[in-house]
Structures are given as structure tokens and as C-alpha cells.
There are 2 protein chains.
Amino acid sequence: MIANKRKNKKRLFDIRFRKKGKQMSGPSITDLSSIKKALSHIDTISIMEEGFIAYSNGEVVVPPVGEMLFSDPPGDVHIKYGYIKHDDFYVIKIASGFYQNSQLGLPSSQGMMLLFNQKTGELQSILLDEGHLTDIRTAAAGAVVAKHLAPKLISGIGIIGTGTQARLQLEYLSKIITCKNVWVWGRNQKNVSKFVDHFSNTNLEINIASDIQEIGEYCNLIVTTTPSTSPLLKASYIKPGTHITAMGSDTSDKIELEPALLGKADLIISDSISQSETRGEIFQARKNNVPLDNKLVELGNTLSGKIPGRQDDQQITIADLTGVAVQDIQIAKAVFKQVKNENF
Amino acid sequence: MIANKRKNKKRLFDIRFRKKGKQMSGPSITDLSSIKKALSHIDTISIMEEGFIAYSNGEVVVPPVGEMLFSDPPGDVHIKYGYIKHDDFYVIKIASGFYQNSQLGLPSSQGMMLLFNQKTGELQSILLDEGHLTDIRTAAAGAVVAKHLAPKLISGIGIIGTGTQARLQLEYLSKIITCKNVWVWGRNQKNVSKFVDHFSNTNLEINIASDIQEIGEYCNLIVTTTPSTSPLLKASYIKPGTHITAMGSDTSDKIELEPALLGKADLIISDSISQSETRGEIFQARKNNVPLDNKLVELGNTLSGKIPGRQDDQQITIADLTGVAVQDIQIAKAVFKQVKNENF
């Protein structure tokens, strides 16, 4: 049982587990600061690549998402779960958004991941990540896509949006792209300044774009990270030899790319073609009768080499990422293993 | 982060939570032995009554159950979740069955419950109950039903089945029924002996029934607790003035009561009429064209007094319990509050 021993800044909880059998041991419980420490030792980009390949190979079981909605105050809870066949674990992720939390000085997003033994059902680990692992796996997916689909020479990195994900996308791109010239665009100038400040001690040169068109003009690797419900990036802004990763739209009503831009692209990558039928940029383009079928490829199939990716440095490529459960499975497993290694 | 400090019988885990805001505190984590201790202070029967009333009043939100199936080794995982409207919490229960676990010296059932703040989404408590709270809430529901529907004078208590739930049903009935004469029937004589031994130091007098017919002959309060897929208790065995609680059938293929017995009954109680449409004894009787509609009542509506229960001591009453999520919500809340009270 847990005894609340101190009421000062750091709370200490004890938990004692009974030993019930030879195989039995208690689950590990890892809080956010330890998760961040573990992440610094994990090659998140490689584990995402492996996850997307497994997913496109049909090796991942992802049942329908569970959902609970609240009205007073408004909030939503999503339960995502699944496993890779013949793997050691299954993972359940619980994530919520209560948008009036800021009035209480609390983050609106709350979240945790649970890791279980796939062969016995035993709980192995509780990752109290408060939604951070979702942010990281999403950023790492952006880096995977850029690594495999961006043109060889990047003249400028364009970031549309200024939130947590915009920041993380740029941090993860910096791990794999040598280009230091960045253009950022955001609707809110205060948030744009915060974004610029965040990178002030790095070797990145952050420029503020006066409009979105400038992003298309100066950048050939562009990431969109907003919750926009009307198109931001237009087909006419984009030059040949550009790669665009659209991270923001993950529902049926969000859209960041003008549908005609998908029509103009040479290659369109989806992290999950089945999810693209009901959400994201591909869904929006299809709704607008833009034909895509001959150029639509699932990410894992490009990564595995089954289907070619970018053919030359003049192609326009677009990746539409709506987020798949295998990313959660991969990152939860990696954090668990890292924490376990540190402790034994 | 968790440091595994000792490898001997009791393992000690530490967890430190960052304090992020005035309202923020870490979740409590409670293991099975502490849950059992907390339960000894909880009036489980009353909280089940309140839960069933709220459920029948339409105050409980219960989304569809999440499910994952495994084949090598065979196993299943169920995620049940829901909340009472305008309450403080929402609850997620994860329960699994891996039936080859016994070969590893592990229980086949694994389980935990998670309690969250319904107004902010914050995780409040992790109850590592290993399935025990489900057993207890199921047993407590049996006691609720007996308290409200059994005839005034109980001549004998009949228990069909000898497993954990059979034992718990009798323990919970003992809290509210003064009758000490018990008849037990089980298919496996070794398990019957174990059941008898379990109660050897109590003031209950446990008799072994040579067949199920004897249960009907000597007992006017009967509980069935088996996973049988063919009827055990026949209409012809049952005398006027008997109450039967059928706990075992919770799927579309399990059945313990002959459909004609439901036809013979004066009153049939379901814990959830909507669940009874697809599983349990009521489902089976309807499949066999036994008309029930004029005598079928939802448990919460009897408990609240909206619809009368037993009318006299000659009626035959049947309660078909398939288990509803509000029971999990009620017991998780109660354990959390009890543990919190102990600590502050």
C-alpha cells in the first residue's frame, strides 16, 4: 500500500508486492522525469521505422479505439491498445483532453501507457508519461519520413505551427538533417517569438515567415503541425523538389493542405492507409475528388523497400501522418527495456 | 523512477512524482493485500445497491467493451470502462485470462483497475487487484439480490459449483442470511471437499448434495456459479418459495438454468436488461421461446422501489446476473476512498 510520507515538493510512495510464484514480480512504475531520462538513450527513429514496417506487413493487431466523452466540464478520453504478433508485450494507452484544465493550472492533456506480458497477461510496467511519449513518437515519425523522403539537399526547413509538436519536429529533424536554415510561421506572434526563443541557444538559424507563401518559397522540407480546419499550405506555394510532412490533421475535420496540393504531388505516403480512409489530408483530398490511388503508398512499405519512395530531387512528396498504435507499442517497449536495464 | 532495491520476498518500489501545480498530486498505487485490508472496512453490499439503482436510472455511461485475443498461448484481454454522470471519477478495468498460466505457477486471471478524475482526466489511483475486486463485486451483487428477493425464512442455502465465486457467494450470503444449513454440489469431488474444508472453521454446516435435485429439495435460496454450457438446474427440481441467483452465465453460450425454469418463475430480475438481450439465462430462455416479458424487471428498479420485488413467500424468483461496469466503478471508488482515509 502507498503511504504518503511527505507532503513537500517531492512525494514519496512505497509499494510492496507479494511474491506469488517463481515467475512473479511486481510491475515497474516510471514517472515522466525518468521516462525523459530513458528516452535520451533510445534511438526513437529506428524503433519507429521497425514499427511502421511491422504494421505494413500486417503483423500488428490494433482493435478499435475506446472513447468516453464528458460534458461538464468538457473532456474526452481515448483508450488505444494493440500488439505486434509474436512479440513479448501488449500495450494500452490512455489519453485524455480536458480543455478547461488550464484554469486549474493543470495541463489539458493527461496520459499513461501500460505494458503487459503478451504470453501471461501480467502487468509489466506503468509509464506515467502524461502524454509525453505520444508527442515523442509523433516527432520521431516526422524524422523517419524526412530521412527517407526528403530531397538530398535541404535548402530550408519550414515549420508551420508553433506548439509543442512544432518544436519537437524541429528538434528531431535536427538529428538527421544538416541544414540549419529554418522558417517558421504561426498565427499568433507571441507564440512565434516563444518558438524562436526556444532555439536561441542552438546552431539553428530561425527566420520568421511573414506569410505561409514564404515557407514554400524558401523551404523544400516543410512540416505542418497545426489543428487547422481550413487549408493553410496551397498547391501554388510549392516548388518541385519539396517534401511536406502533414502532422496536424488526425480527424475527419482537420485539414492543413489544400487538396489540389495532393493532386500536384508525385508520391503520397500514409502511415496507415486504412486510417486515411476516414481522417487526415488524404481523406480530405479524396472528399474533394482529387485522384490519388496510383501514387499512394503506406509508409512501412517504403521503409522496407517493397515500394520505392522518392525517385529524384524534382519530385514533390507528401507524408500524411495520422498516428498509429504501433508507435505507442514501440516507444513503450523501448522505455520499459531501458528502465529495466538501468536498474539491473 | 523505480529502483528494485531488494530481491527477497517483499519487493520495494519507490516512486517520486513531480509537483506540477497546486492541484497536482501523484496517483496512489495499491496492491492486493492493501486492497483486501481496505475491503474489510467497506460495506460492499450497500455500494452495489447504490450502483445498480444509478444504473437503472440511466445515470451510468458504459461504452462497448474493448477486447484483444491472443492465440499462442491462448488468452483474452477485456477493457471495461465507464462512469456515473456528475460523479468524481471514471474507471477503467483491465482483465485478462491466460489459461496456460497455471503451467507457470501463475493465476490465469490478471487484472487491475484505474481510477481517474472525471473533471480533469488526472490519474488518481492504480488498484493492482489481480482480479480480486471483480470477484468481490460479483459476490456482493449476489448478496444484494438475496437480501431483497429471497423468501423471509431460508431453510437451506444451495451452492452449485465449488470455485472461488462459489466460496465468495457463500461468504457474502453469511453476512445477511442467518440460515446455517448449506448444501453444495460440484462435478469434481476433490473440489467439493476443498469447498467443505474451506468452511470447516465457521458455524456453517456444509452438506454435500449427491445430485443437483437434492439442492432443489433442501434449499430455497440457491446460487449457481459454474461455467456450464448445458442446463444444470431443472424446473422440476424447484419448489414454490425458492429464490435462485444465476451467476455463472455471462456469455451467449453459457447456461446453468433449464429455460423452462424461467417460464415457471413468478419474477425474473436482470442486473442489466440490455446485456440480457445477448447473454446469460434470460437470453437462453428467450432463444428457447420462453415468454418472460411480463415478469422481467431490472435489479436497480426493484432496489429503488420503482417496481415491486417478491410478493409473497410462495413465489419463485430468479436473478440473472451478467455483471455490469457500474459494479467495478463502485468498488474501485470505495477502495480508493478507504485507502486515502487511512493515509491522511
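Predicted model: local features only at pLDDT ≥ 70, side-chain atom pairs only at ≥ 80, totals over all residues.

Colleague: Let's begin with rings. Why is the pair A:Tyr90 and A:Phe116 called stacked?

Modeller: Two values settle that. The ring centres are 4.6 Å apart, and pairing needs centres within 6.5 Å.

Colleague: What makes B:Trp183 and B:Tyr218 a stacked pair?

Modeller: Their ring centres lie 4.9 Å apart with the planes at 20°. B:Trp183 sits in strand E10 of chain B and B:Tyr218 in helix H6 of chain B, so parts 35 residues apart in sequence are tied together.

Colleague: How do you know whether B:Trp183 is buried or exposed?

Modeller: Its relative accessible area is 15%. Buried means under 20%, so B:Trp183 is buried.

Colleague: And why is B:Tyr218 called partly exposed?

Modeller: B:Tyr218 has 35% relative accessibility. Buried means under 20% and exposed over 50%, with partly exposed in between, so B:Tyr218 counts as partly exposed.

Colleague: What makes you say that a charge sits over the ring of B:Tyr172?

Modeller: The charged end of B:Lys175 is 4.7 Å from the ring centre, and the distance limit is within 6 Å. In chain A, A:Lys175 lies over the face of A:Tyr172, at 4.7 Å from the ring centre.

Colleague: Now the strands. How do you know that strands E9 and E12 of chain B pair?

Modeller: Pairing takes at least two bridges, and E9 and E12 of chain B have 4, in the parallel sense. They therefore count as paired. One example is B:Ile160, whose bridge partner in E12(B) is B:Thr224. E12(B) is also joined to strand E13 of chain B by 4 bridges, running parallel.

Colleague: Why are strands E11 and E15 of chain A called edge strands?

Modeller: They belong to an open sheet of 8 strands in chain A, ordered E11-E10-E9-E12-E13-E16-E14-E15. Strands E11 and E15 each pair on one side only. From one strand to the next, the twist averages 20°.

How values were computed: Residues numbered from 1 in each chain as written. Chains lettered and ligands numbered in written order. Heavy atoms only, no water. Helix = DSSP H or I, 4+ residues; strand = E, 2+ residues; numbered from the N terminus. Axes fitted to C-alpha atoms, helices over the stretch in contact; angles between N-to-C directions. Phe/Tyr/Trp six-rings, centres within 6.5 Å; stacked < 30°, edge-to-face > 60°. Buried < 20%, exposed > 50% of the residue type's maximum accessible area, 1.4 Å probe, protein only. Lys NZ or Arg CZ within 6 Å of the ring centre and 35° of its normal.
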